[in-house]
Amino acid sequence: MAEAHQAVAFQFTVTPEGIDLQLSHQALSEIYLSGVRSWKKRIIRLKNNVITGVYPASPSSWLFVVIAILATMYTRSDPSMGLIAKIQEHLPVSHSMSSQCQAVVSAVLFSTLLWLLLIFTMRLCLKQLLSYHRWMFEQHGKMSNTTKVWVALVRIFSGRKPLLYSYQGSLPNLPVPTIKDTVKRYLESVRPLMDDSKYERTTQLAEEFQGSLGNRLQWYLKLKSLWAANYVSDWWEEYIYLHGRSPIMVNSNYYGMDFLFVTPTPIQAARAGNSIHAFFLYRRKLNKEEIKPSRIPGTVIPLCAAQCERIFNTTRTPGEETDMVQHWQDSDYIAVYHRGRYFRLRVYQAGRLLSPREIEFQIQRILDDPSPPSKGEAHLGALTAGDRIPWAKARTKFFSTGLNKRSLDCIEKAAFFVTLDDDEQGMMGDDPAASLDKYAKSLLHGNCYDRWFDKSFSVVFYRNGKCGINAEHSWADAPVLAHVWEYSLATDSFQLGYNTEGHCKGEVDSSLPKPQKLNWEIPPECEEQISKSLEVAQKLANDIDFHVFSFQEFGKGKVKKCRVSPDAFIQMTLQLAYFREQGNFCLTYEASMTRLFREGRTETVRSCSNESSAFVRAFEGGEAPEVCRRLFKAASEKHQLLYRMAMTGAGIDRHLFCLYVVSKYLGVESPFLKEVLSEPWRLSTSQTAVQQVELFDLVNYPEYISCGGGFGPVADDGYGVSYSLVGENIINFHISCKHSCPQTDAHKFGSQIKKALHDIVHLLSSAQPEPKKTETSRPKVKKDQ
């Protein structure tokens, strides 16, 4: 109980001689420094709120306006057209204030009101400018004069040095599409998936909905859009994520991988030391809003940063009807799992962030700790991997008071969760392909009890120095966490680095208190529920089939030479591969973002279109190459159009989803909406793009590339496909499905994807003029042994 004694600032004993008071100077010092750190954060937050609140102006511009108004007054002119005099007449002042002083106070008040009006006008202008999206639909490389003027105006109104949240008040609200447009786009999207009779029936249902109930539901949706910042996001989080009662492991959580070819250090504790330190450096920048606002690559257009607020100090807590996302303002420690035990590791000492070497020292202490798990502790994490209702009941019954509550609070209020895994992972051994599959499954579900799936994210460090990340999905989408992960990987390898022995750089303060082991009192009834949850989770995990491969025969460099969008190229490849394997087309989901709008999250791009199916049928039917190329061009252009429409608020699925939610609130049934929302997504896809290219020097260090990340299948009889185009010559694929479905096989589908990649690029390349052959060599890549 040494840790408990360290936490007590003072002790007193009542004796016959009086009160014997004993002060712990170390504890009092820690309390003082913690308070100082907390107040510093509050001051920084207040300062940033002021700067963000007046953006795109600056606080100093207020002084400029005041001086300008006062200067014009001394030239005997009245820029306020009598308003300053009116303010002076109604100014509640004491008799001791001179008339000149009253005039100055009135001028300052008028200047402040004028300044606020200018800020409101500038923000309104910027909001209107950011509502313009025609630039996205213009031909690549050809910018209209209107767009050129628009770009110049956006630059002018955007200010000079925006903070992370500076644009939030200027982002437009997500528009509500018309019922007519959404129904029309929906019918077009399902045409290649239905025969004539089924399509005719669906059309009739859609027309009935559009002519009657749809208009009533639309009215409520428009009313919400006027009141709320985003008419989709809160319902999406609540009903798609938090209302789900099935396990979030595999079904909702996703993962991200380490570098593909290299491991910066083989020492587990050292890798953890650098990475954990890098995460807290990112959090510090996040709290100070020093992270640059995300933008659409190659443009000045900002993206919504609202999701960044809950990256750290966040957890999902279970409820019997619905879960809840809880976020705390600060946390100075992380929760660590190792061999069935949980630890509380403080990363701040005397008000400062521990160095990477000190964190490594503390992690090694945990690795060397021989203490056994408490009774029932080893598999405790399985509660977060199983069904949500049993976990909610167990949490209320066994973890709402006493020791268990204090220990659970330590995990839930931690900055993030860390697992020290005894396995070795990565692309290694005689069968690197199989090792990547094993690596993916380990990150997605592990042993079902050695991750805390409710935390906003958990970082896994393996015995051989490899690492990875598992993330809960409700609080944010993958690009937000990918931004943190990229920063951590780059900072770990290119800024912090390691010494020649593989340890973190720096010195160690050996007087650091040991990490605190959490204690539990798990009754037999709770152990029984843990076992049941573990059984459910293991059954789900064992059913997942994964295949991860790095396609290195060509990449987006060659695709772009064919004058095709790389994303459209991959999507057409997936359509061709799926048709070859299954003999039909399916409803295909590609995730697109709507962060051009305030509090925007995602929208669906329905990649299986009339144009894509026409290309696939022609290609498989042996049509002439010229015909196939023409159809491929039409399909890829249609895909780009659908993607841009989804990004600009003209998608299909979020609108229909919200109409369905309104119908449930009103207690009315819609056969059309019920059918739409019951359709399975048998091919769910997502691209993981590298956002901070400047952090990675792929020319000089081509081996320092991440393998991206992946997720589980959305449908029991479907595939989940995540892909990332890295550099110019690599495409990484993560394919998931279920063993229990005899129609799906991740490895066979991967083979079909590889074949389709070659076939399509051959089709497109045969029409390109042959370039002059020159001696070129690709950079040599250093691989893990």
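In this predicted model, the aromatic pairs come to a count of 44. One of them joins Tyr 132 and Trp 150, whose ring centres lie 5.1 Å apart with the planes at 50°, so the pair is tilted. Tyr 132 sits in the loop between helix H5 (99-130) and helix H6 (145-157), whereas Trp 150 belongs to helix H6; the pair thus links distant parts of the chain, 18 residues apart.

**Helices H11 and H12**

- Helix H11 (residues 268-287) and helix H12 (residues 356-368) have axes that come within 7 Å and cross at roughly 130°.
- Because of that angle, H11 counts as oblique to H12.
- The crossing in which H11 passes H12 is right-handed.
- On the H11 side, the contact involves Gln 268, Ala 269, Ala 270, Ala 272, Gly 273, Asn 274, Ile 276 and His 277.
- These residues meet Pro 356, Ile 359, Glu 360, Ile 363, Gln 364 and Leu 367 of H12.
- Sorted by class, the residues of the contact of H11 with H12 are eight nonpolar, five polar and one charged.

**Helices H22 and H23**

- The axes of helix H22 (residues 653-666) and helix H23 (residues 671-678) come within 10 Å, crossing at roughly 130°.
- H22 is therefore oblique to H23.
- H22 passes H23 in a crossing of left-handed sense.
- H22 contributes Leu 656, Phe 657, Leu 659, Tyr 660 and Ser 663 to the contact.
- H23 contributes Phe 672, Leu 673, Lys 674, Val 676 and Leu 677 to that contact.
- The residues of the contact of H22 with H23 comprise eight nonpolar, one polar and one charged.

- An open sheet is formed by six strands in the order S14-S20-S19-S17-S15-S16, with mixed pairing.
- Strand S14 (544-551) and strand S16 (602-606) are the edge strands, each of which pairs on one side only.
- On average, and with direction ignored, neighbouring strands of this sheet are turned by 20° against each other.
- Strand S15 (residues 588-593) pairs with S16 in the antiparallel sense, over five bridges.
- Within this pairing, Glu 590 stands opposite Val 605 in S16.
- H22 packs on the sheet and touches S15 and S16.
- The direction of H22 makes about 115° with that of S16.

- Strands of a sheet pair through backbone hydrogen bonds, in either a parallel or an antiparallel manner.
- Strand S6 (residues 333-338) and strand S7 (residues 341-346) run antiparallel and are joined by six bridges.
- Tyr 337 has Tyr 342 in S7 as its bridge partner.
- The hairpin of S6 and S7 has two residues between the strands, and Arg 339 in this hairpin takes a positive phi near 50°.
- S7 is also joined by two bridges to strand S13 (residues 516-517), and these strands run antiparallel.
- The bridge partner of Phe 343 in S13 is Lys 517.
- S7 accordingly has antiparallel pairing with S6 and with S13.

Technical notes:
Residues are numbered from 1 along each chain as its sequence is written. This is a predicted model: local features need pLDDT of at least 70, side-chain atom pairs count only at pLDDT 80 or more; totals for chains, interfaces and linings use all residues. Side-chain values use heavy atoms; hydrogens and water are left out. Axes are lines fitted to C-alpha atoms, for helices over the stretch in contact, and angles run from 0 to 180 degrees between N-to-C directions. Helices (H or I, at least four residues) and strands (E, at least two) are DSSP runs, numbered from the N terminus. Angles under 35 degrees count as roughly parallel, over 145 as roughly antiparallel, 65 to 115 as roughly perpendicular and the rest as oblique. A crossing is left-handed if the near helix is turned anticlockwise from the far one by less than a right angle, and right-handed if clockwise. Contact means heavy atoms within 4.5 Å. Ala, Val, Leu, Ile, Met, Phe, Trp, Tyr, Cys and Pro count as nonpolar, Asp, Glu, Lys and Arg as charged, and the others, Gly among them, as polar. Two strands pair if DSSP finds at least two bridges between them. Rings of Phe, Tyr and Trp (its six-membered ring) pair if their centres lie within 6.5 Å; planes under 30 degrees apart count as stacked, over 60 as edge-to-face and the rest as tilted.
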